[in-house]
Amino acid sequence: MCLAVPGQILELATDEGGLPSARVKFGSVVRDVCLAYTPEAVPGDYVIVHVGFALQILDEPAAQATLALLDELPGG
Amino acid sequence: MEVCGGQTHTIARYAIEDLLPSEIELIHGPGCPVCVTPLALIEQAVLLALRADTVLCTFGDMMRVPGQTGDLFDARARGADVRIITNALDALSVAQDNPEREIVLFAVGFETTAPTTALTIKQASTLSLSNFSVLAAHVRVPPAMTLILDSPQCRVDAFLAAGHVCTVTGTTEYEPISGQYQVPVVITGFEPFDILLGIDSAVAQLESGRAGVENRYARAVRPEGNPVAQATVDEVFAVSDQSWRGLGVITNGGLRIRDAYAQYDATRRFDSVPSDIAEPTACRAAEVLQGLIKPNECPEFGRACQPEHPLGAPMVSTEGACAAYFRYRTHIEPNI
């Protein structure tokens, strides 16, 4: 249930009920996502999306730091 | 103990336990909202779904949890209008499209999901919908961790805390738990490497005699969490005691809809409250949820209880520990 996946914002929009939303790309799939909880997100940002809601903007330096740790593994 | 069922699945899927030294054991926690939703509430959802004037909307995970009179797929087969949604706001569209019918959103989940339900209720109020309500079973993780630590049977030396719960709540809620019980709490993500980072921090703390809160999922978790989401949850819900399946009533273990939004509370709108329902006796889900036994130590695991015909919720949900073991740990013999 707490599954949340990162996706990249393509464009901003407003949903039928007036809430901020966005077209978000997850790999090859594009879905509408509610941005009410990340109103400062802009196109190009990666957001963590849970059941159609963006819950946080991905912190890119922190993500890069984790990837760098992965590179340090033997054979990585 | 990894708290979240999503982490349990990563651990089982990538056979992470098999790669670890024997001194490190992963105890699987209760972090599967479908698994801890009380049987009586599932039965209430089935009863609401069977009302002629009602449409029940819920997430796919809830469909196959058996209640006393079958699951929600059975209810649908008996004529109930049950719709699977992937976004709580979709239930509002159903309400707008069917003004002559009652739309009930059956919403379960931890702190990660509560903001989505809260905003949906607020939005129903904004849109002045009079035919929409929520059967809510939202639970809170920290009180469950405290309950586990207070148990005399507790074997937990450190927690891998649920990353996406902390995405919403932040990390400060865990400071008192870590301090009071002197137990390391490491905020951990869901990729195999994230799990290893969590274990690395937990072991480093234990070996050096430290016990603190550490964040190894910083790309998605900020110390303050998401304050906008927290404020919305606080506006719509109040912290309350909550019954967890397998664990009993947990003080401050859940959320109830505030009186200001009472008209959107299905438990107050309808009087279809079933009394306490007995759990299937052969199922040892309660012990699995408390981390007291591994799924394969249940005599019914892989025998009478399989994903196709589950006895208990941990075999139903994609996040349940029993389902994870059944799906990925095929080299483990049942009941060893």
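Visitor: In this predicted model, how many of the residues in chain B are buried?

Guide: A residue is called buried when its relative accessible area is under 20%, and in chain B, which has 336 residues, buried ones make up 59%.

Visitor: Which helix of chain B is largely enclosed by the rest of the structure, and why?

Guide: With that cut-off in mind, look at helix α1 of chain B, residues 5-13, where eight of the nine residues are buried, so the helix is largely enclosed by the rest of the structure. The buried residues of α1(B) are B:G5, B:G6, B:Q7, B:T8, B:H9, B:T10, B:I11 and B:A12. After α1(B) comes B:A15, with a positive phi near 50°.

Visitor: How many helices and strands does the secondary structure of chain B come to?

Guide: Chain B has 16 helices and 11 strands. Its radius of gyration is 20 Å, close to the 20 Å that the globule rule gives for 336 residues, so chain B is as compact as a globular protein of that length. Along the principal axes, the C-alpha trace of chain B spans about 65 × 45 × 30 Å.

Visitor: What share of the contacts in chain B with a separation of 6 or more comes from residues 24 or more positions apart?

Guide: Contact here means heavy atoms within 4.5 Å, and residues 24 or more positions apart account for 75% of the contacts in chain B that have a separation of 6 or more.

Definitions and conventions:
Residues numbered from 1 in each chain as written. Chains lettered and ligands numbered in written order. Predicted model: local features only at pLDDT ≥ 70, side-chain atom pairs only at ≥ 80, totals over all residues. Heavy atoms only, no water. Helix = DSSP H or I, 4+ residues; strand = E, 2+ residues; numbered from the N terminus. Rg over C-alpha atoms; globule rule 2.2 N^0.38 Å. Buried < 20%, exposed > 50% of the residue type's maximum accessible area, 1.4 Å probe, protein only.
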